[in-house]
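Please keep in mind that the model is predicted.

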Amino acid sequence: MVCGSFGLCGGCSLKQEDYAAQMELKRAKVKALLEPFYSGDISLTPSPDKEYFRNKIELSFCRQVVWSEPYGKKKKIVRDKTKPLEFENTLGFRMKGRWDRCVNIENCLLYEPNLSVFLKEVRLWAEREVLSFYDQRAHTGLLRNLILRRGVNTGEGMAVLITTSAFDASGFAEILAKFYPSYHFLTAVNDGVSDGAGIKDIKVVKGSGVIREKLFESNREIVFEISPQSFFQTNTKAANLIYKKVAEKLSALKPSVMYDLYGGAGSFSLCCAPYVGKSLCVESVPSAVNNGVKNAQINNINNVSFFCSTTEEFLTKQKLSAYNSVIVLDPPRSGVHPSACKTILNSGAENILYISCNPVTLAENLKTLCAKYNVVNAECFDFFPHSDHIETLAELKLK
């Protein structure tokens, strides 16, 4: 299937390349960035699924000005200012490089095969009910965002319809039941200016407010409870591979202490729990910490402690043990905070495992860390086929 939105939609950037070529482009990018610190081979583990691999998508309802030509054909859109503006309603992903425009999803290969037909029905419902779409410039409109999540290994699913004020969503519930009968349905409100303002007034319309997902490590199943705002890697099968890899390394090292910094809901801590004396999971988002505590209870894991703090603040209060410890870093795209990086550099810990979603900031952090550490291995995992994003696992040892 060829996506008619390629080049306009911000979801995929490498769709024109076959998958083998995509992987080589990503591998070459990482190798060039890490070359000052590591000269060995860099393997790349492909995504188990190349299509329909995402377990979560966030879509936007957007009222926007009609453009006579598709974005990208000209550097600047020119309109006849003697004529009034004409508007259209769209439901889909953000247009590449735009914060105020969306592209209607027609044939998307990211979430699951029924998505395009489902979204068409939602658009028709909104049109019949004369429901307004959100205008990012005027900050008006009712329908704002739609979050869809699914448990790839459990079959559970969730839809969260986000509006600027509460309203009767029974019509949407009927469409959801037609296409995704097992999905839980929630509504929420975002009446702020920015999409990033966060949601409130979450209401469960059908089912539960959480779904469950499973990861597999050795002969174990680790169950994760996921709420609307929980962080969970969006490619379940690919993420499972990197969790297993880190668990293998911890199994060989058998540290007394694992420092899981930027730990989110504790996925690495929970997967590695059998191989460490104890794990200290540090995360700054309270909801993620709460998820981690609950997931540890669900899995009867008792050797993980959770700390709600930024990594840099935590490191000012707690001295890292150098004896038989491993530091696991899984920072956001911005990388490890400079002050945290300096503290880790001087920690004396023999082993660091750095999981990076942005090789540019990984390379920046290695400029600091390689003053006292050597990169002894680097490998990549493809979480996002058809995009230029790549996950890198770098293994560092004290010189």
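Where α2 and α3 meet, V117, F118, E121, V122 and W125 of α2 are in contact with G171, F172, I175, L176, K178 and F179 of α3. Sorted by class, this contact of α2 with α3 has eight nonpolar residues, one polar residue and two charged residues.

**Packing of α2 and α3**
- The axes of helix α2, which spans residues 115-128, and helix α3, which spans residues 170-179, come within 10 Å and cross at roughly 160°.
- Because angles over 145 degrees count as roughly antiparallel, α2 is roughly antiparallel to α3.
- The crossing in which α2 passes α3 is right-handed.

**Packing of α1 and α9**
- Helix α1 (residues 19-34) packs with helix α9 (residues 359-369) at an angle of about 15°, and their axes are 9 Å apart.
- The two helices α1 and α9 are therefore roughly parallel to each other, and α1 passes α9 in a right-handed crossing.
- On the α1 side the contact is made by K29, V30, L33 and L34, while α9 supplies P359, V360, L362, A363 and L366.
- By class, the residues in the contact of α1 with α9 comprise eight nonpolar, no polar and one charged.

**Nonpolar cores**
- The largest nonpolar core has 42 residues, of which V246, L250 and F268 touch the most other members.
- Helix α4, covering residues 236-253, gives the most to this core, with seven residues.
- Leaving aside residues up to four places away in sequence, V246 touches F268, C272, L353, I355 and L393.
- A second, separate core of 37 residues has F314, L329, A349 and C380 among its members.

Definitions and conventions:
Residues numbered from 1 in each chain as written. Predicted model: local features only at pLDDT ≥ 70, side-chain atom pairs only at ≥ 80, totals over all residues. Heavy atoms only, no water. Core = buried A, V, L, I, M, F, W, Y, C linked by side-chain atoms within 4.5 Å. Buried < 20%, exposed > 50% of the residue type's maximum accessible area, 1.4 Å probe, protein only. Helix = DSSP H or I, 4+ residues; strand = E, 2+ residues; numbered from the N terminus. Contact = heavy atoms within 4.5 Å. Axes fitted to C-alpha atoms, helices over the stretch in contact; angles between N-to-C directions. Parallel < 35°, antiparallel > 145°, perpendicular 65-115°, else oblique. Left-handed = near helix turned anticlockwise from the far one by under 90°. Nonpolar A, V, L, I, M, F, W, Y, C, P; charged D, E, K, R; others polar.
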